[in-house]
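Dear colleague,

Please find below the structure that I am handing over to you. My notes on what was found in it follow directly after.

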Amino acid sequence: MSASKTIVISCAGMGTRLGMGYPKALVDVAGKPLLVRQLELLKDYDDVRVVIGYQYEKVIEMVNAVRRDVTFVFNHEYKTTGTGASFLKGTAYGRDMVVALDGDLLVHPEDLKRVLESEEECIGGTTPTTDNPVLMSTEMTPEGLVVTEFSRDKGEYEWTGLAQVKTSRLGTTQGHVYYLLEPLLPLKMEKIRTKEIDTMEDYRNAVAWVRNGYRD
Amino acid sequence: MKKKLFLFDLDSTITKKEILPEIAGQVQMSQQMKELTERAMRGEIPFLQSFSERVDLLKEIPVPTVRSIISQIPLNEELVEFIKENRENCYVVTGNLDVWICDLMESIGLKDHYYCSKGRTDETGEWLLGIDEIIDKGRTIRSFPHPFVAVGDGNNDAEMIGLADVGIGFGGVRPIATALLNNATHAVYTEEKLCQLLRQL
Ligand SMILES: [Mg+2]
């Protein structure tokens, strides 16, 4: 049953270069905040956890306005800990399978659905587009494409922040979420279409993408 | 793994209403109660003083009447079910008075499993004479062995939530106090979510 997993949306970190003064997950994209778009895609899942820290009141308010059956998990140390810490806090006391999702990731609904409906561990990768990507090297195997390595300087795909793994296999490594995934490699790769929103130009592109039915 | 203990606030966590204002409402003293509560919430009078004054206001009501009013207050039934199933590990920590809430505690399966303030009655048990002891929640909670889980909604639960291994803000009845959220590990806004999380711990 695909509903029997824990979904962890990380929204604890500060907003970034967009300079909005509020968490990036709350940015309005074509009439709806990013986070609300994600929650709509997760409506069939009954263990959704939103990890909060920076301006948590605003995140709670926005989530509660659309959906009250969400568990909020605090990362009060969001300024000094990485996304990995937020993710681990979210997975604590979770179900056997856990999905990691960044609150500021704009992902194609079909691609997210495909990952959610799968029962296998996997990592979401996309065509590299950002300035400073975390890259993933891949290998074709009889079971399909698998991620073999994360790296800052080589790899065919970009790490997206979306992954599905067994909770029991996660360690306690500090830092980024992908540090937690490194010991689990190789993992199946799912190609997903995403839009990163770091600059105003990214933002305009993302809005256009959504308005155009998630087509470029 | 060592069995966790569960500590619960009473008002607006287990009950669906604040108990003292509810009692006051039943005897047409809502306005005075409201003023005292609001002054305390604005920080104009300390919590302890406001609690004593609110209790004073309700002294005019026979203790059995207070108990029967309390027994009519609706409860978060799914949470009560969880408590009954896990009664050995569950405790209530509340500022309310033993002589008022003892029946309620027994009815949810927590006889001898609650920490509260102590009232003094006359020999008949009919009239409340005064408060013998107002609970020091912080001290009470520090006496609990870890690991423990704490659930509450108000400012006066913030310390308990902060000391807990898992500190849960519950916003199913009233908005959760900011001081509590700043100390919490989790926050939930429906009773169903609260019970789901408690069962996962
Ligand atoms: Mg309360």
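I begin with one residue of chain B: Ser12(B) sits in the loop that runs between β1 (5-8) and α1 (19-26) of chain B. Please bear in mind throughout that this is a predicted model. Although Ser12(B) is not a glycine, its phi is positive, at about 65 degrees. Most residues other than glycine have a negative phi, and most peptide bonds are trans. Is Ser12(B) buried or exposed? Its relative accessibility is 1%, and because buried means under 20%, Ser12(B) counts as buried.

One of the residues in contact with Ser12(B) is Phe170(B). Phe170(B) belongs to strand β6 (residues 166-170) of chain B, and its relative accessible area of 0% makes it buried. Which residues does Phe170(B) touch, leaving aside its neighbours within four places in sequence? The contacts are Ser12(B), Thr13(B), Asn76(B), Val151(B), Gly152(B), Asp153(B), Ile176(B), Val188(B), Thr190(B), Glu191(B) and Leu194(B). Thr190(B), one of these contacts, is 20 residues away from Phe170(B) along the chain, with 7.6 Å between the two C-alpha atoms.

Helix α6 of chain B, residues 98-107, also contributes buried residues: Asp98(B), Val99(B), Trp100(B), Ile101(B), Leu104(B) and Met105(B). What covers them? The cover includes the helices α1, α3 (47-58) and α4 (63-72) of chain B, together with the strands β2 (90-97), β3 (114-121) and β4 (128-133) of that chain. Just after α6(B) comes Gly109(B), whose phi is positive at about 85 degrees.

Chain B also holds a cis peptide bond, which joins His146(B) and Pro147(B) with an omega of about 0 degrees. Pro147(B) lies in the loop between α7 (137-142) and β5 (148-152) of chain B.

I turn now to chain B as a whole. Its 201 residues form 10 helices and 7 strands. A compact globule with 201 residues would have a radius of gyration near 17 Å, and the 16 Å of chain B agrees with this. Along its principal axes, the C-alpha trace of chain B spans about 50 × 35 × 30 Å. Of the 201 residues, 55% count as buried. Among the contacts in chain B between residues at least 6 apart in sequence, 56% join residues at least 24 apart. Chain B exposes about 9,000 Å², of which carbon and sulfur atoms supply 47%. The chain carries 22 positive and 31 negative side chains, and 4 Å separates the centres of the two sets.

As for confidence, chain B has a mean pLDDT of 94, and 99% of its residues reach 70 or more. For the complex, the predictor gives an ipTM of 0.93 and a pTM of 0.95.

Buried residues account for 56% of the 216 residues in chain A. Of the contacts in chain A between residues at least 6 apart in sequence, 70% join residues at least 24 apart.

Two local features of chain A remain. Ala30(A), in the loop between β2 (28-29) and β3 (32-33) of chain A, is a residue other than glycine with a positive phi, near 50 degrees. Ala30(A) is partly exposed, having a relative accessible area of 22%. Pro186(A) is placed in the loop between α5 (177-181) and β12 (187-191) of chain A.

With kind regards

Key
Residues are numbered from 1 along each chain as its sequence is written. Chains are lettered from A and ligands numbered from 1 in the order in which they are written. This is a predicted model: local features need pLDDT of at least 70, side-chain atom pairs count only at pLDDT 80 or more; totals for chains, interfaces and linings use all residues. Side-chain values use heavy atoms; hydrogens and water are left out. Buried means under 20% relative accessible area, exposed over 50%, partly exposed in between (1.4 Å probe, protein chains only). Contact means heavy atoms within 4.5 Å. pLDDT is the predictor's confidence in each residue, from 0 to 100. Helices (H or I, at least four residues) and strands (E, at least two) are DSSP runs, numbered from the N terminus. The radius of gyration is taken over C-alpha atoms; the globule rule is 2.2 Å times the number of residues to the power 0.38. Accessible areas come from the Shrake-Rupley method with a 1.4 Å probe; for residues, only the protein chains shown count as cover. Lys and Arg count as positive and Asp and Glu as negative; His and the chain ends are not counted. The place of a charge is taken as NZ of Lys, CZ of Arg, CG of Asp or CD of Glu.
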